[in-house]
Structures are given as C-alpha cells and as structure tokens.
Amino acid sequence: MTANKKFSQTGATASAALECPTNPPQRILAVEDDADIRSLNTESLTESGYHVDAAENGAAAWQALNAKRYDLLITDNHMPVVTGLELIKKLRAEEMTLPVILMSGTLPEEELEQHPWLQIQATLLKPYTLAELFKTVKEVLGATSDVREQNAPSANWQNQPSVGRLQV
C-alpha cells in the first residue's frame, strides 16, 4: 500500500469516487432525522461519486426538492414534522416523478399496499449495511437511466422519417 492513499471510515479508498460511472455526478437528497445515520449515508454516497444533499426531516426535504433538481430521493419514514410517506405523497401529488428509496425500521406494508401510486422504487429495512445501500442506489439509478435512454431520441433523429405526422 502506498503512503498517499486515503481511506474513509468505510474502508474504501478515496479513489472510490472515480468508480461512479456517471458524469456529471447524480444528485441525491438523503432525508434522515438521526444525525449519525444522515452523516454516514451522506459521506459514504459522496465518497462513491454522488452529489448528496441532506435534510433532517420531511419539511426540510420538501424545501430542498422545490429548490433543486435531484435524481433520487432516499428518505427515512419515521421522522418528526413530516414523515417519509407524507413527503412521498406530497411529491406524487405535485406529479414529481423522482425515484424514491424508503428506509425504515418497520416498513408500513399495509399503507404501501393501499397506495401503490406512491411508486416507491425500493425499500431498505433498518439496520442495513452500506453495501445494501450502495447496491440499492445503483439499481434504482440504473433502472432510471435505462428508462431515460429508451425514451431519448436517437443521435440522428432529425434525419429519420416521421411516423404519424399530420398532413395539412
């Protein structure tokens, strides 16, 4: 091992940020009322190459969601002021299609079954490992970018014939 390699608290090298295939970094809003968990999640995801903002509750998260664009929302459920589910309901009521990962010590399965329109992409049951967090984030963001690529126009879209064009 060389003396100039830096290690994070998770044991990953500082070059882990280079392993994130996205350019520019994808933006994540991490919402957690427990300061230690919020800090660990934020620092770990940042070291993995993501741009991460943190909020301490659903009300602060709602303000952030209305101020900036994010690629992913990771939210705890049991929080004071506005819960994770209340935050997601507000998000969907405003027709924001942001992918969501819901974290909780006990998942509100009955409420999730009653409200499939909340469109939660993944859940993490606490306590979870950082490896589980990273895997879930990569899967959700990967699925989101796959949909974007399928819906994106091809490189030569201007030269392709139009299908179903109205003739006047």
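Trainee: Where does Arg92 lie?
Mentor: Arg92 lies in helix H3, which covers residues 84-93; helices (H or I, at least four residues) and strands (E, at least two) are DSSP runs, numbered from the N terminus. Please keep in mind that this is a predicted model, in which local features need pLDDT of at least 70, side-chain atom pairs count only at pLDDT 80 or more, and totals for chains, interfaces and linings use all residues. Residues are numbered from 1 along each chain as its sequence is written, and side-chain values use heavy atoms, with hydrogens and water left out.

Trainee: Is Arg92 buried or exposed, and what is the nearest side chain of opposite charge?
Mentor: Arg92 is buried yet has no salt bridge, and the nearest side chain of opposite charge, that of Glu95, is 11 Å away. Buried means under 20% relative accessible area, exposed over 50%, and partly exposed in between (1.4 Å probe, protein chains only). A salt bridge is a side-chain nitrogen of Lys or Arg within 4 Å of a carboxyl oxygen of Asp or Glu.

Trainee: What is Arg92 in contact with, then?
Mentor: Setting aside neighbours within four places in sequence, Arg92 is in contact with Thr97, Leu98, Val100, Trp117, Leu118, Gln119 and Gln121, where contact means heavy atoms within 4.5 Å.

Trainee: Glu95 and Gln119 both came up, so what is phi for each?
Mentor: Phi of Glu95 is near 60°, a positive value in a residue other than glycine, and Gln119 has a positive phi of about 50° although it is not a glycine either. Glu95 is found in the loop between H3 and strand E4 (100-104) and is exposed, with a relative accessible area of 68%. Gln119 has its place in the loop between helix H4 (109-114) and E5, and it is partly exposed at 46%.

Trainee: Switching to salt bridges, how many are there?
Mentor: By the rule above, the count comes to seven salt bridges. One of the pairs is Glu32 with Lys126, whose closest N and O atoms are 2.8 Å apart. Glu32 lies in the loop between E1 and H1 and Lys126 in the loop between strand E5 (122-125) and helix H5 (130-151), so the pair ties together parts that are 94 residues apart in sequence. Both Glu32 and Lys126 are buried.

Trainee: Which residue does Asp76 form a salt bridge with?
Mentor: Asp76 pairs with Lys126, the closest N and O atoms being 3.1 Å apart. This pair, too, links distant parts of the chain, with Asp76 in strand E3 and Lys126 in the loop between E5 and H5, 50 residues apart. Both Asp76 and Lys126 are buried. Note also that the peptide bond from Lys126 to Pro127 is cis, with omega near -5°, and that Pro127 is found in the loop between E5 and H5.

Trainee: Where do Glu139 and Lys135 lie?
Mentor: Both lie in helix H5, four residues apart, about one turn of the helix. Glu139 forms a salt bridge with Lys135, with the closest N and O atoms 3.4 Å apart; Glu139 is partly exposed, with a relative accessible area of 46%, whereas Lys135 counts as exposed at 54%. Elsewhere, Arg27, Asp53 and Lys68 are linked in a network of salt bridges.

Key: Lys and Arg count as positive and Asp and Glu as negative; His and the chain ends are not counted.
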